[in-house]
Every structure is written in C-alpha cells, then in structure tokens.
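Subject: Structure handover

Hello,

Here is the structure I promised you. Please open it alongside this note. My findings follow below.

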Amino acid sequence: MKGLTFVSNSEYQFNNIWHGQSALMPFVRIYIKNKCRLPDRWVLYYKGELRNTIIPWVKSLMEATFDGHFALEDFNHNGSDVPICFKEAVVMRHNEGRLSIANRRQVYDLMRCKARMHCNVTTNPKAKPKIGMTLLLRDGSRSFKDPSLVTNIFQKACQKVNNCRFAVAYPHNLTFCEQVELMYGTDILISTHGAQVTNMLLMDRNSSVMELFPKGWLENAGIGQYVYHWLADWSGMRHQGVWRDDVAEDCRNSTDIDGCVRVSFMERQVGHNESYFMEWARRVLDVMQRSITNERESASSPVGGGLCGCESIHY
C-alpha cells in the first residue's frame, strides 16, 4: 500500500475517550518530528484484533489534529486474504507513557490549537472572562445525587469573585466543537471522575481541575483513579485535589438489601459537602485570580511553521 501508514497495536481500547487519545497521542509526536507529514491511512489493533471504529470524541480530535486525515483501514476493499505490504509505516505498541513531559506538553499544545482552529473558536484573550468556572455533569454512575444543589454551591462560590463566569453542561449533549468552545472559556473545571474529565486538555495551560469521587474508590479502584492527576501534569494543568464522598448508600430501607450492599463502588453516585465545596472553590479561585494576568498564556507552543506551529504536508 502506497503512502504513509500509522499502525497502533494497543492494550488500550478505542471505545474509551481516555484510552483512545492516550493510545494515539504518540503519533502526534511522530507527526511533529516528521515535519508535519500527514498519514495516508490508520490501522488500529486492540490486543492484536483489528478495529475499524473509534469513539467519536477521539475521532474528532484526531481529524482536527491531522487536518481530516484520519481514514481507518479495514482491508475489506482488497477482496482477498493475501498479505498486505506497506510502503512506509510507523508501528506504535505503547501509549503516551513513553513520551517525556516536554514532548507530551508539546503534543497537547498542538492538539489544543488544532482543535480550536478546526472548530473556528476565536482565541481572543480579551474576549474571555477573567475566570471561567465550568461544572461538568454526567448521568448514571458517578453522577451527583443532587446535581441542582451542587450546581448552586459552585455557582454561589463563583459569584463571590469579580468577573467569574459560571457554566454547567452535560458533555454528552454537546458536539465536539461545542466542547472545544466551552473548554476554551474554562479556567477551572469541576467534575466527578470519568472520561469527560479528558476535556481538560482543551483548556489553556495552567488551568485548574477539581475532581470528585464516590465512596469506595480510594480503597478499591487502584492506581487508575489517579489518571487525571497525571493528565493534568502532562498537559500543563493544575490538579487542585479531590473530594471523596464518605457516605455510602443507606440500604436499611431497600427492598433488595443484598443487591444494594453489593453495588460496585464504580456505580455509586456522589454526594456533597457544602461548606467544604465553598472553601475548596474559594482556594482554587484565589489561585486563579493571582495567576491570571492581562496577557494570558498562548494556547499553543511553537513546534515548527504554520498557525499552530505545524503546517501539514502530504506526499
């Protein structure tokens, strides 16, 4: 097959936002090192099995980053089972964990900038509020037990600060570009633990993340619960700590006590602590007030030529 092929053979699933972007991120580094040469096709394997679909959020991010060049090869058009040879191929068997912090931040800067260009988001710092605080909500597991109450708490905290704009959204109800625009106006992201927190990489550098967990995660979830600490560090954000609910479901009046007790910690909802949330928000807002100046940090760091530091070429 002519042209350049990117081949990912990953242990990470492509139907998960965090896993998908982490598996494909090293190719963005190759793209930068290769003077922004675009691939002709992509081949995705999960544990050796061919995959020809990917979660839409990651697909949109890759299409934005590679100027639309994200064609997944399924090999069905050849009409036979004969071996396929690639003229040029880059094969990746690891995720972003092998990249240095400097290279990761360079890659995230490029993807952030490309996503904003793709979505026609106007990146004018003077048009932004001094501080944008956004609460991301979700349904089902790890949702808030009382989302309206939690919304009111953080909105009240924001209102105590001059020029603070508060927003609340369900990411699954937004298009990719609507999420890009929302994150451009966000300096403080508040969310329960989940794939939606990956949106942090679309914020400007030095933005803040506040993360919340249901009861049981600290004891049972393992090292994976710290993934957004890592992502914040890798992408140049500030992870401002976590709040862990210490109250489990009250099963005493349940019609299915055994079933209630057996509910997985991953399926639990998240409660609230108004006094803690207010003080936590106050501290984070104070940090942002002291760090944000009239000249906001550029959304991307130069990596070559072009508007985002990487002007694509295609052979």
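**Overall make-up**

The protein has 9 helices and 9 strands. Helices (H or I, at least four residues) and strands (E, at least two) are DSSP runs, numbered from the N terminus. This is a predicted model: local features need pLDDT of at least 70, side-chain atom pairs count only at pLDDT 80 or more, and totals for chains, interfaces and linings use all residues. Numbering starts from 1 along each chain as its sequence is written, and side-chain values use heavy atoms, with hydrogens and water left out.

Of the 315 residues, 49% count as buried. Buried means under 20% relative accessible area (1.4 Å probe, protein chains only). The protein exposes about 15,200 Å², by the Shrake-Rupley method with a 1.4 Å probe. Carbon and sulfur atoms supply 47% of that area.

Now contacts, meaning heavy atoms within 4.5 Å. Among those with a separation of 6 or more, 79% join residues 24 or more positions apart.

**Pockets**

A pocket is an open set of points on a 1 Å grid over the protein atoms alone, where a 1.4 Å probe fits, with protein on both sides within 12 Å along at least five of seven lines. Lining residues have an atom within 4 Å of a point. Grid points are joined across faces, edges and corners, and a volume is the space filled by probe spheres set on the points.

The largest pocket has a volume of about 410 Å³. Its lining has 23 residues, and Trp18, His19, His193, Gly224 and Val227 are the closest to its centre. Helix H1 (17–33) and helix H7 (227–235) each give two or more residues to this lining. H7 supplies the largest share, 4 residues. By class, the lining has 11 nonpolar, 9 polar and 3 charged residues. Here Ala, Val, Leu, Ile, Met, Phe, Trp, Tyr, Cys and Pro count as nonpolar, Asp, Glu, Lys and Arg as charged, and the others, Gly among them, as polar.

The second largest pocket comes to about 310 Å³. It is lined by 17 residues, with Ile17, Pro171, His172, Gln179 and Gln196 nearest its centre. Helix H2 (56–65) and helix H5 (176–184) each contribute two or more. H2 gives the most, 3 residues. This lining has 9 nonpolar, 6 polar and 2 charged residues.

**Serine 8**

Serine 8 sits in strand S1 (residues 4–10). Serine 8 is buried, with a relative accessible area of 1%. Leaving out residues up to four places away in sequence, Serine 8 touches Phe14, Ala23, Leu24, Phe27, Val43, Leu44, Tyr45 and Met92.

Best wishes

Note on methods
Buried means under 20% relative accessible area, exposed over 50%, partly exposed in between (1.4 Å probe, protein chains only).
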